[in-house]
Amino acid sequence: TILQDKRHTLISTKLFLDAIHFDLTYFPLKHLGYKIVSITISDILAMNGIPTHLMIHLGVSNRFSLAAVEEIMFGVKYCCQQYKLDLIQLDVDPSCQGLVASVTAYGEVEASKKVLRDGAKENDLICVSGDLAAAYAGLLLLEREKKVFQVNPQSQPDFAGYDYLLERQLKPEPRFDIIKSLKESDIQPSAMTHVTHGLAAAAIHICRASQVGCRIFEEKLPIDILTFQTLKELNIVPTTIALNGGDDNEILFTISQSDYEKISGIKEISVIGYIKDKNSGCNLITNDEKQIPLTAQEFSPFSTTD
């Protein structure tokens, strides 16, 4: 963050790599353009700020036509229009690595309203926006149909009834509504972070930064009924995906217990647990009342220790 008078300028930068963060076998280019903007500006929202400006640098190999680049930019510009972002820079350079996108978002927040990961306190409530695991369920469906297509190129994908799951994967929306609702309800979160690599990783980030522990209750995890049924049909435990699936594009935050009545009146927010002391660790309380440590696979270039 950069301090400007009584406001902070917030910055988020993300790198998106072909075959790592997206698969162009089934990912429409205009949806990709939309998604890379949505994911990047969500980091600004997860600091209780409002995104304002965007810079994009594309690396494009010679297998992409001008029309393909224009499709990506259609999605980028549409997302910018939807959320009133100024696209202040666009660079396109040749690449040997397929498609690479570097996206930088700028935003701002009142200095007194900025929220980072390090403010959670013992007994604070843990809240999450929206529902979990839908995006990953959508990814599994896309991967399944890709395998069918590879075996039989004449086959048609079977996505009937799965529109919600596919949209959560291909066109996730940034949670401007949550930031607006918190402000309107006069709720100041103590800590916030972006849920993009699973709920477990997000919770651990907050707990490490705040030097606290947490308890999250399996029965409180918000999982849409379609997500639940789809994962069951695929013989996958929905809770596992909610904790570690990724791509949810939601916001995890903590609030004082005194704000419980206020938060309970806001749609699209679930209270899923509470903060404990550091020595308690980060744990999930299962539906059969067992305590299981939260774990998340993460890469850190700065440390070889956990």
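I first looked up the accessibility of Asp18: at 16% relative accessibility, Asp18 counts as buried (buried means under 20% relative accessible area, exposed over 50%, partly exposed in between, with a 1.4 Å probe and protein chains only). I note that this is a predicted model, in which local features need pLDDT of at least 70 and side-chain atom pairs count only at pLDDT 80 or more, while totals for chains, interfaces and linings use all residues. Residues are numbered from 1 along each chain as its sequence is written, and side-chain values use heavy atoms, with hydrogens and water left out.

I then looked up the partner of Asp18, which is Arg63, in a salt bridge at 2.6 Å, N to O (a side-chain nitrogen of Lys or Arg within 4 Å of a carboxyl oxygen of Asp or Glu). The two residues are 45 apart and link distant parts of the chain: Asp18 is in the loop between strand E2 (7-17) and helix H1 (29-45), Arg63 in the loop between strand E3 (50-60) and helix H2 (66-82). Helices (H or I, at least four residues) and strands (E, at least two) are DSSP runs, numbered from the N terminus. Arg63 is exposed, at 56%.

I next examined Asp186 and Lys262, whose closest N and O atoms are 3.9 Å apart in a salt bridge. Asp186 lies in the loop between helix H5 (176-184) and strand E7 (191-195) and Lys262 in helix H9 (residues 260-264), so the pair ties together parts 76 residues apart in sequence. Asp186 is exposed at 54%, and Lys262 is partly exposed at 36%.

I recorded one network of salt bridges with shared partners, joining Asp131, Arg168, Arg175, Asp177, Glu250 and Glu268. The count comes to 14 salt bridges.
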